[in-house]
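Q: Can we go through this one together? I'll ask as things come up.

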Amino acid sequence: MTILEVKDLTKRFGGLVAVNEVDFVVEKGMILGIIGPNGAGKTTLYNLVTGVFRPTKGKVIFKGENVTHLSTHRRAAKGLVRTFQTTSLFHEMTVLQNVLVAHYLFRNSKGLGQLIATPSFHKEDAKVKKRAVEILDYLGLSAVKNELAKSLPHGHQRALGIALALATEPTLLLLDEPVTGMNEVETATMMSLIKRLRDDMGITIVVVEHNMRAVMGLSEYIIALNFGTKIAEGAPDTVVKNRDVIEAYLGVEQGA
Amino acid sequence: MKNFRLLAIIVLLVLFVLVIPILFRNDNYILHVFIMASEISIVALTVRLMYITGEFTFGQVAFVMFGAYSSALLATKAGVPFWVALPMAGILSALFALVIGFPVLRLKGTYFAILTLIIAEVMCQAARVWDFVGGDTGLENLPRPDAIHIGTFTLIPEFTAIDKLPYYYLIAFLLILTIVVFRRIDRSPLGATFRAIQQNDTLAASIGINVRWHRILVFSISAFFCGLVGSFYAHYMTVFYPRSFSVWDSITYVLYAFLGGIGYLGGPILGSFGMIWLWEFMHPIQKFQPMIFAGAIVMVILFLPGGLFSLEKFLPSVAAQIGKMSGPLGKKLRRN
Amino acid sequence: MENLAEIWPQIVMNGLVLGAVYTLLALGLALIFSIMRVVNIAHADLYMLGGVLTYFLFGQWHLNYFLTLIIVVACLAVAGAVSERFLFRRLRGTGLAGPLILSLGLSFFIRGATLVSFGERERGIPSPVTGVISIGGVSFGTERLVVMIVSLVLIVGLFYFIAKVKSGQAMRALAQDAEAAYLQGIDINQISMLAFAISIALAGLAGALLAPIFVVGYAIGAPLILKLFIIVVLGGLGSLPGAVAGGFLIGFVEAASFTLFSGKLSYLAIFAVMLIVFLIRPQGLMGKAELQ
């Protein structure tokens, strides 16, 4: 079943074309990798898929529904969630508070109903707390659950970012450079975590990454971008040997 | 630490509800100052509420005005008794905020702050030329709250021009109500959602939080309480006109909230009460009041951005100092 | 109502004068905001200060008017640089709230100090330039004409400065992308101080120019800053061309409604204009605000 379909997606900023008529499809349960040199438009692509930007042209179809004109939070409510490149957390809250607040979609009582302490409210509150603790456990963050998010080491911050996304019960998770800046051990841990997210929870995953080994090790299918255009796609071995892809990366190195 | 807080709150409550009224039973001047400070505290608290979602509002006076006019018009033109007009003024203000919130809250940060300023100013000006609301001369002969008797038992006493005590208790009740509601919000998941929006609204949206809706919600809640204050004010003064309200007052309340410490629930109250009392003491040198106030603000924003309330961080060390003090004075303080 | 044919030259003239001065002031605000994200609520009070200084130097001590202007510009430029260096710089990077509150505090302080020293009453200053000039059979006050021309020259000068002079170009670079500008070696401290100095000096100069035409008093900043905010929001916060558009638009609306209706309604006319623009383009005529 196709979870995500991106058709003819284009984004222009004035004269600059950041994303150029990109199409791809993500099947349920897949781990898709997106690669490309810096400035290839990967983050812009994510912004288009999640609704931070509106496309100049093209469509985003999620679970069969055209979500191109929906705002970010509506897409998240449908199960389309992302993490961020720069660690995006609620810095002044503790780790536990972060995950609790991310259960916004999970809760049933919204708005002013949350102010009245009925028995059902308490029950739901307890359920949320239990689930938050479970998520922290799953990601190995239990020990630091009362630390402020901003005081966490880098690796834990990344894990917390994923915890927040998990709290929303996502169907499709877009990871933005999850292992950038990590050492070998951390990278391996993160990679196995990502696999577990798919294997244990059935979450479909898209990964944007620079670390080629990580992308190769994780993805079943890869899409390569350069200058906003899709230049190659296919199984990891095929893409990595593709001449355009090699040129894109080498070309950047030479020109830079 | 927690016990100290609880003790402080109980002491303040007792002071507020019992001691002050008894001590100053007949001193209308002092009661009036307390009433004013309470009104301002409520407005300052609503400023804090907005701030929790990361927005600054300078235009709360617009909602106070709206509440005052709504309540006054309901009472004079529709014969609505005060006790009904009061909550209605709040609700109408909240609805008003809902309506202007939709377009206005499409902008954030500085834009929004300036926009609230402009809206407040425009409302003040518009009231001057609109005859239905009395134009420049405003509204007068507004009815006071009615007394309510159940049989021979007086539930609510007479509100007169001479005795300010009933008004005092009414505004004290409203202030405590505001504090209770806002505290509940702070500690609820809703409050956590608000703080999430304040700290990182992009992230909040990406985990499904409808940021704009929440901001409109908080705008309406703060307008509701401002409307209550407006209604109280109208039937306390029994006369008001557009000049009674000023954008610059609105700005001052934001400053009081900051001075006291906008991060704390007690901050705006401390700032408002503190400043109002300071001005009363400084009456003889009233000329210098703006300068001193301004100087205090500049000092605080540069050197104590958390406001006066943030000094509470130093309380543990003060307690530790007292603990270390030898001699009879130290022992005496420690026993408490 | 008088004959429209007779009064429209007056409206145009008044509109130009008001527009030019409003634009001058709004540009100062927009400049600082675009570079440093600081909303200077004290801006109009510095305009007032320029007027007050002029009252003393020119009105009371009878200094030469040009000399007065130079002194006012110099004093306020220094004041601007100093306040950036020692006050606003401390709050750089701490968010929007701090500088806003700081400028509020300064605004109240300036007003308070003026209240104490200048008194409550508003006072007038004799005009340095008197008489009328006849253009096409219609007479205009010479002084207003001069003020308008000087303002227009300064406006053009400012745009030239930003386009062609190195420091001005640096300001523009900073406004567009602070990080890139820094990497290019632009000294943010220096440019910030300069921008402040220019902005404040322009405000003071406007005050000095208008002092003989309108009255001077400690409170004249209050309604003015609100009008200036309407202008910059209308034009698009941080946009310099927007400040020009907004300034002249409001100048004309005000001139027209003052002449055609009574003074009270001019405010509502301004608001109506603002509402219309806001509904069509909430970020202002030339603004680049983010919408939620």
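Q: How much of chain C is made up of buried residues?
A: Of its 292 residues, 52% are buried; a residue is buried if 20 or more other C-beta atoms, placed from the backbone, lie within 10 Å of its own. This is a predicted model, in which local features need pLDDT of at least 70 and side-chain atom pairs count only at pLDDT 80 or more, while totals for chains, interfaces and linings use all residues. Residues are numbered from 1 along each chain as its sequence is written, and chains are lettered from A and ligands numbered from 1 in the order in which they are written.

Q: What helices and strands does chain C have?
A: Chain C has 11 helices and 2 strands, taken as DSSP runs numbered from the N terminus (helices H or I, at least four residues; strands E, at least two).

Q: How many residues of chain C are in contact with chain B?
A: 33 residues of chain C are in contact with 38 residues of chain B, where contact has C-beta atoms, placed from the backbone, within 7 Å.

Q: Which element gives the largest share on the chain C side?
A: α4(C), with 14 residues. Elements giving two or more residues to that side are α4 (97-118), α9 (221-235) and α11 (263-280) of chain C.

Q: Switching to chain A, which residues of α6(A) are buried?
A: A:T187, A:M190, A:M191, A:I194 and A:L197. Their cover includes α5 (154-167), β7 (172-176), β8 (204-208) and α7 (212-218) of chain A.

Q: And what follows α6(A)?
A: A:G202, with a positive phi near 65 degrees.

Note on methods
Contact = placed C-beta atoms within 7 Å. Buried ≥ 20, exposed ≤ 12 C-beta atoms within 10 Å, placed from the backbone.
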